[in-house]
Amino acid sequence: MTTTAATPTAPAADSRVLGLAHYAARGVLEHVLARHGVTFRQQIVLRAVVTTDAPQTPDDVVTQVRSSLKADPVDIRATLDELLARQLLVTDAAYLRPTDAGRELLAAVGAEVAPISARIWYGIPAEDLAAAGRVLALVTERANAELAALTT
């Protein structure tokens, strides 16, 4: 396996480079998701319900997913309806609960993506990952602040 280290000729990090990395990684994930008959948004919404420590209402999930994807709440609610129709989620009083099928789907996707992800991240020095994490966290914080200013 070849490892590519940061070099002086590497492009400087900017929105374009970030976007290209995001869409390349998302493309890999969407390819795997398609084999399981699930969309990217469905996987994000399902994961939001599966990974929570406390029961969530549909409104809780919409708020969480909207914060992550910056998606329209109407579209997120439609995705919830799709997951309920496919019986990957069920309602339990006012709360959403994943079904065994929903948990199994996420586990299968995770198992399939794990070795691909390992190949993508292989050999990147820990200090580079830490630096990238700090930069991306700061970019996310600033972009969220700019979006909030634009929408208020």
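Select Arg41 to begin: at 28% relative accessibility this residue counts as partly exposed, a class that lies between buried (under 20% relative accessible area) and exposed (over 50%), computed with a 1.4 Å probe on protein chains only. The model is predicted, so local features need pLDDT of at least 70 and side-chain atom pairs count only at pLDDT 80 or more, while totals for chains, interfaces and linings use all residues. Residues are numbered from 1 along each chain as its sequence is written, and side-chain values use heavy atoms, with hydrogens and water left out.

Because Arg41 lies in helix H2 (residues 40-50) and Asp75 in helix H4 (residues 73-85), the pair ties together parts that are 34 residues apart in sequence. Helices are DSSP runs (H or I, at least four residues), numbered from the N terminus. Asp75 is itself partly exposed, at 37% relative accessibility.

Next, select Glu112 and Arg35, which form a salt bridge at 2.0 Å, N to O. Glu112 belongs to helix H5 (residues 100-121) and Arg35 to helix H1, so this pair links parts 77 residues apart in sequence. Glu112 is partly exposed, with a relative accessible area of 23%.

Finally, move to Arg26 and Glu30, where the closest N and O atoms of the salt bridge are 2.8 Å apart. Both residues sit in helix H1 (residues 15-35), four residues and about one helical turn apart. Arg26 has a relative accessible area of 24%, and Glu30 is at 33%. Across the whole structure, the search finds five salt bridges.

Technical notes. A salt bridge is a side-chain nitrogen of Lys or Arg within 4 Å of a carboxyl oxygen of Asp or Glu. Helices (H or I, at least four residues) and strands (E, at least two) are DSSP runs, numbered from the N terminus.
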